[in-house]
Structures are given as structure tokens and as C-alpha cells.
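Open the model in your viewer and keep the sequence panel beside it. The stops below go from one selection to the next.

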Amino acid sequence: MGDFRGIADRIALDIARGRLRAGQRLPPQRAFARRHGIAASTAGRVYAELVRRGLVVGEVGRGTFVRAAHVTPPGRALVEAGDARINLELNYPSVPGQSELLAPALAPLLRPDALTDALRPAAADGTPDAREAVAALLATGDWRPDPGRVLFTGNARQAVAATLGSLVRPGGRVGVEPLTYPLVKEIAGRLGIVLVPVRADERGPVVESVLAAHRAAPLSALYLQPTLHNPTSLTVPAERRLHLARAVDDLGLPVVEDRIWSFLHDGPEPPLAALAPRWVHLVDGLSKRVAPGLTVGFAVVPEHRVDAVAAAVRSGGWSAGAFALEAAVRWIGDGTVARLVAAKREQAARRQGLVREALAGFTVRAHPAGYFAWWELPEPWRADDFTAAAADLGIAVTPGTAFRVDPKRTPDAVRLGMASATEPELVGALRALAGLAAHGPRHPRADGYGPSSRP
């Protein structure tokens with residue numbers, strides 16, 4: 001029996017693309033079920049889901065009719081007041097049938113005898129089974145991390161906080177890409193860390209800029225996202241990675257390598273942790289691979305730093321829960337994570353195709369395997385103005401200012417996260433945003449939407 005939400009997504013996408021027009025009648029549910037090879041009860045759930053989304057309306061005695069296409073012209077709200085936003089800001093991937101895949105591994109943990117142990121906090125070094133499972137999960141190419149160097153936190157953000165907290169004292173300087181993960185800015189603020197932007201080009205962080213920043217005043221560490229950088233989607237090529245690894249080896253400079261999106265990319269580039277194992281702390285987690293609600297973060301740290309990072313995990317209260325850790329071991333071991341990764345790679349590639357189609361003619365930086373896109377806005381748009389105008393249409397996007405490190409350099413761009421919205425929502429939102437960008441800023445008195453134009 002097919003997943004009813006996946007079937008509803010396909011019908012909704014046909015509505016968004018105009019294949020099913022407003023007023024068009026859908027077949028009776030039994031005929032729909034026969035056509036799609038599903039049970040009549042599943043067809044009923046598909047129709048109910050389409051009604052819930054506001055895409056169709058059922059009329060007693062007449063049938064079910066398409067209510068409206070999922071696209072509105074610039075200046076009109078994409079969703080009615082009180083409805084949920086189309087969120088291109090959050091970026092947590094989910095695929096049809098995901099819950100059904102995850103559930104079997106949880107069932108044995110719900111027995112009272114197992115639940116008692118599963119509800120306790122886990123140690124920073126987890127369990128031997130967990131360390132082996134994560135080492136296998138992270139292995140790539142010729143590199144497989146030593147299980148003895150794997151530590152666990154509640155999520156990947158906590159892994160970042162624990163590694164930075166163990167490396168950098170208040171007032172210490174950490175080199176980062178000019179655009180960096182916003183939560184790293186927040187973590188740095190809480191830990192009293194100064195972020196220092198190092199120059200990056202189309203191949204990633206420039207080694208000479210790292211050296212110059214370190215000469216100006218010693219850096220305590222680097223924080224880098226060399227694979228599917230958020231927000232630009234840049235993946236640093238192997239040669240540049242090797243140059244960076246040699247530089248940090250020469251300087252004795254610790255690195256926090258964030259690989260949270262690397263599961264989408266199957267390229268040959270090795271992790272920095274494979275090239276400079278004495279200095280690189282690799283952080284990752286299951287929130288993107290699996291789900292954000294029941295997740296685990298992990299760090300692969302240099303051998304001589306295991307105790308220091310474990311102490312930071314304990315003192316920060318960032319330990320993983322034993323329930324989530326045991327679920328993760330089961331999901332990795334039974335192939336669930338691998339199946340979800342394969343499905344999410346296909347989904348991300350498909351959604352990148354929707355972006356290329358809807359935003360053709362605009363300057364967009366994206367990777368074919370990624371779940372986000374960096375849209376350099378046309379003049380005279382400014383990032384914050386465009387974000388506000390998009391919000392008036394019921395669409396949440398992230399302004400480039402959220403990622404900037406140097407406040408004097410403001411990118412007039414927005415990041416589009418493509419993981420959380422449904423594909424029909426994404427199509428409608430992208431078309432509306434393309435129209436907004438082409439239309440240009442307007443004074444609010446002109447048509448009731450958007451910010452005023454710049455002087």
C-alpha cells in the first residue's frame with residue numbers, strides 16, 4: 001500500500017504546476033484507488049490530506065474539485081492570514097514513509113525492562129556498540145575513524161559547542177569563513193569567543209588569509225564547513241583541503257570540521273580529519289540524516305583531546321540520551337539510516353531541479369546534491385527588505401545578514417532552505433519569490449506589500 005502523503009504530494013505538485021486546474025473534478029475515490037493501485041481507504045486518506053492542505057474541496061453529491069493553483073502573483077499573500085507559513089528558513093529533511101522506517105527499531109526499547117535503562121543519560125563516550133556504529137557511518141573512501149575517538153552529544157550543535165568550548169578560552173579568536181552557520185555566531189557569543197573572518201574564494205578558505213589572521217593575533221582554532229557549506233553550498237576541492245591540512249599541521253592550529261550536510265555528497269574529497277588527524281575535530285549528527293526530534297550528535301576528536309572534549313560535554317550538560325543513542329545504533333545497524341540517506345539524496349536533487357526551473361535567469365549558487373540555495377538578489381533589492389517582502393507573501397527565507405561575520409560586509413542575498421516545505425509548497429513559493437524579485441521593491445502605499453525602495 002502506498003504512502004498516502006507521498007501520493008498527496010504528487011497530486012499537489014500537479015496542482016502547483018497547472019496540470020490540474022482550479023475547478024477540475026478529481027475521480028471518485030474508488031476509481032482513484034484502482035488507478036493508483038492502492039486501497040480505497042488509502043485513497044480516502046489522500047483526499048482528506050488534500051482537503052486539509054486547502055487544495056481541494058468536497059461537495060456532497062457532486063465530488064471533489066481542485067480549489068486553486070498553489071501560486072499567487074506578486075503583491076498577493078501566498079497563504080491566508082492565520083495559515084501556516086511556507087517555511088524556506090528551517091531546513092530539516094523528511095521523506096515519505098520516514099516514520100514507518102524508524103518505528104520498528106524503537107519498539108524493543110519500549111518494553112518496561114528496556115525503557116528503564118534507555119531513559120538514563122549516556123556517558124560522553126557512549127557505548128562500544130555506539131562508537132563502532134558511528135565509526136562505520138562516518139567512514140568514507142580510505143578513511144574510517146578510530147571508534148575510541150568518538151564522543152556523543154544530544155545533537156550536532158552541542159558537539160560544536162563542546163569542541164569549541166574545550167579549545168578556546170573567553171576572548172580567544174576563532175577563524176571562520178566570511179559567511180558562517182548562524183548558531184556558531186550564537187555559540188561564540190555565549191562562550192565569549194571572537195570570530196575572525198578569513199577570506200574565501202570559489203574554492204573555499206584561502207590558506208594565505210588563515211596565515212595572515214594567525215600572524216595578526218594567534219587564532220585558537222578554525223571552524224570550517226568544507227563540504228556543502230551552509231549557506232553557499234561550496235564543497236572545497238581535494239587540493240585546497242590538502243593545503244589547509246598542511247597549514248594547520250605547520251601552525252599546530254586546531255580545527256572544528258562541521259560535516260552535518262556531508263551525507264548528501266558522495267564526492268571523492270576526504271574529510272580534513274583524514275588529512276590532519278592530530279588537529280581536526282570532526283562534528284556531525286543525525287538530525288539531517290534522520291529527524292530533528294530524536295537525534296544524536298557526535299564528534300571524532302584527536303586522540304590526545306578525548307578527555308578534554310568529554311569533560312566539556314559533561315560540564316555543558318550536552319550528553320546524549322541513552323534512548324536516542326540506542327535508537328541510533330539500531331537505525332544504523334539495520335540499514336534504516338542508509339535508506340533514509342538514499343531517499344533524501346534523491347529528494348534534494350529533485351528539489352534543486354525545481355529551483356533551477358523557477359529561478360532561471362537569477363544568480364543562484366547551489367550544489368546539485370544540497371538542500372539549500374544562495375540567491376544573490378537583483379538590484380535594487382536588499383536582503384532584509386526582500387525577506388520582509390517575502391514574509392508579506394507568507395514565505396519565510398533567511399537573509400544573508402544572518403550568516404555574515406563582518407558587519408561591514410552585508411551580502412544582498414537570501415538563503416532558501418528546501419528541506420522542510422513540501423514540493424508543491426516549494427514550487428508555489430519559488431514562483432512567488434521569482435515574481436517578487438523581478439517586480440522590484442515597491443513603496444507600501446503603491447500596492448500594499450513590501451518595503452519602500454531605497455532612496
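Select W375 first: this residue is buried, with a relative accessible area of 0%, where buried means under 20% relative accessible area, exposed over 50% and partly exposed in between (1.4 Å probe, protein chains only). The model is predicted, so local features need pLDDT of at least 70 and side-chain atom pairs count only at pLDDT 80 or more, while totals for chains, interfaces and linings use all residues. Residues are numbered from 1 along each chain as its sequence is written, and side-chain values use heavy atoms, with hydrogens and water left out.

W375 and F386 form an edge-to-face aromatic pair, 5.4 Å centre to centre with 75° between the planes. Rings of Phe, Tyr and Trp (its six-membered ring) pair if their centres lie within 6.5 Å; planes under 30 degrees apart count as stacked, over 60 as edge-to-face and the rest as tilted. W375 lies in strand 14 and F386 in helix 15 (residues 383-392), so the pair ties together parts that are 11 residues apart in sequence. Helices (H or I, at least four residues) and strands (E, at least two) are DSSP runs, numbered from the N terminus.

By the ring rule, the count comes to eight aromatic pairs. For another of them, select W261 and F372: the ring centres are 5.5 Å apart and the planes stand at 70°, so this pair is edge-to-face. W261 is in the loop between strand 10 (255-258) and helix 11 (272-275), and F372 is in strand 14 (residues 372-376), so the pair ties together parts 111 residues apart in sequence. Both W261 and F372 are buried.

Next, show the charges over rings (NZ of Lys or CZ of Arg within 6 Å of the ring centre and within 35 degrees of the ring normal). K288 lies over the face of Y92, at 3.9 Å from the ring centre. R278 is over the face of W279, at 5.4 Å from the ring centre.

Finally, switch to cartoon view and find the open sheet of seven strands, with order 4-12-11-10-9-5-6 and mixed pairing. Strand 4 (150-153) and strand 6 (194-197) are at the edges with a single partner strand each, so one side of each has no neighbour in the sheet. Two strands pair if DSSP finds at least two bridges between them. Within the sheet, strand 5 (residues 173-176) and strand 9 (residues 221-224) pair in the parallel sense over three bridges. Select G175 to see it opposite L222 in strand 9.
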